[in-house]
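Please open the structure in your viewer and keep the selection tool at hand.

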Amino acid sequence: MAAGRRPGRSTVTDRTSKSASPAGRSRWRLAALVGCGVLLLGPAALAVVRLLGWDDGTVLALPMAGLPYAALLSVLLLAVVAVLRARWLTGVAAALVVLQLWWLVPRFVPDGAHAPADAPRLRVATSNNFMGQVSPKSLVDLVREQRIDVLAVEEQSDSAADALDAAGIRTLLPHRERPAGTDTALYTRLPVGSTADPAWPTTNLTVDVGGRPVQLVAVHTYYPLGDARRWAEDLHGLRAAAPGRNHNAVLLGDFNATLDHKPMRDLIGTGLTDTHEELGAGLFPTWPQDHPDYRVPAVIQIDHVLHGPALTAVDVSEHALPRSDHRAVVAELAVLR
């Protein structure tokens, strides 16, 4: 009797174990799907904000800066829910990925425009000097090594301007425009063609490039973390000035905005082109480079060189400078007409 019962008890135990295993897997699958669904809410919310432009002058401007990373998260979540065979969640994730790729893929694809060999070249650079703390020698060295024609400087104090002079900036770029009460300056070695245009709300001047005038506008908007409404108003002011003046204009500096922010997209929509995007380098980050408060590498691109239809991009690069929390941006433009 005892020997005959043992197989029966073993069989019951085996059946219980086998029946419990699928139930356990089902619970883990449900938990994984719930987790994926919750994580998808972030990218989905950002997509809605971008579509409706709700970041314009609101605190939503802050998370909008991370949209490319939200797109990457969406791709990873799509792979997970596809493996879990959750059809409806896979459909939602796939639609979200397609929408985000629609925005982001063009930034990896060069426009393919070629500058005529005889078109005059203009080499510009922009550097946020982090409240005047950047190494003046490193900035002067950048100007020399990169053969810069025009330098825009943001967060430039009087003492920092004096330090740049002492480091030799006047020898390389003898002409300058730095209105009183502003923290932006333009330095150039090119002949200055005319005085500043008061219609632009920030530092600007016109230079002669191979007999062709080019309007240079140094940009430094307020930062959205400090006051999102003021940040948006700064960009709105540039957008209001641009029509009729952007044909031969180059706007360069710290915009405190990515290509996903609505005020930035509206500014570009006046007929300007972002040099990084034009060359297929639209996701190269410039901030926060060695910022003492964040201790992370550069993760978002907020420093830009925009230009009008009279110019086309030839090259663009980013450069880390000691004691600056922004990567300097150097761009070569061809002046077409």
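What distance separates the centres of domain 1 and domain 2, taken over C-alpha atoms? In this predicted model, the two centres lie 33 Å apart.

**Stop 1: the two domains.** Select residues 24-108 for domain 1 and residues 121-335 for domain 2, as given by the domain assignment of the protein. Then display the contact between them: domain 1 contributes 18 residues and domain 2 contributes 21 residues.

**Stop 2: the annotated region.** Next, select residues 137-326. An unreviewed UniProt entry places the feature "domain: Endonuclease/exonuclease/phosphatase" here. Colour this stretch by secondary structure: 25% of the chain over residues 137-326 is helix and 27% is strand.

**Stop 3: a helix pair.** Now select helix α5, residues 136-145, together with helix α6, residues 158-167. Their axes are 9 Å apart, and the helices pack at an angle of about 55°. The two helices are therefore oblique to each other. Viewed as a crossing, the passage of α5 over α6 is right-handed.

**Stop 4: the side chains of the pair.** Finally, show the residues in contact. From α5, select Pro-136, Lys-137, Leu-139 and Val-140; from α6, select Ala-163, Leu-164 and Ala-167, which they meet. Of the residues in this contact between α5 and α6, 6 are nonpolar, none is polar and 1 is charged.

How values were computed. Residues numbered from 1 in each chain as written. Predicted model: local features only at pLDDT ≥ 70, side-chain atom pairs only at ≥ 80, totals over all residues. Heavy atoms only, no water. Axes fitted to C-alpha atoms, helices over the stretch in contact; angles between N-to-C directions. Helix = DSSP H or I, 4+ residues; strand = E, 2+ residues; numbered from the N terminus. Parallel < 35°, antiparallel > 145°, perpendicular 65-115°, else oblique. Left-handed = near helix turned anticlockwise from the far one by under 90°. Contact = heavy atoms within 4.5 Å. Nonpolar A, V, L, I, M, F, W, Y, C, P; charged D, E, K, R; others polar. UniProt positions renumbered as here; feature names shortened; annotations may be inferred. Domains from an automatic or database assignment.
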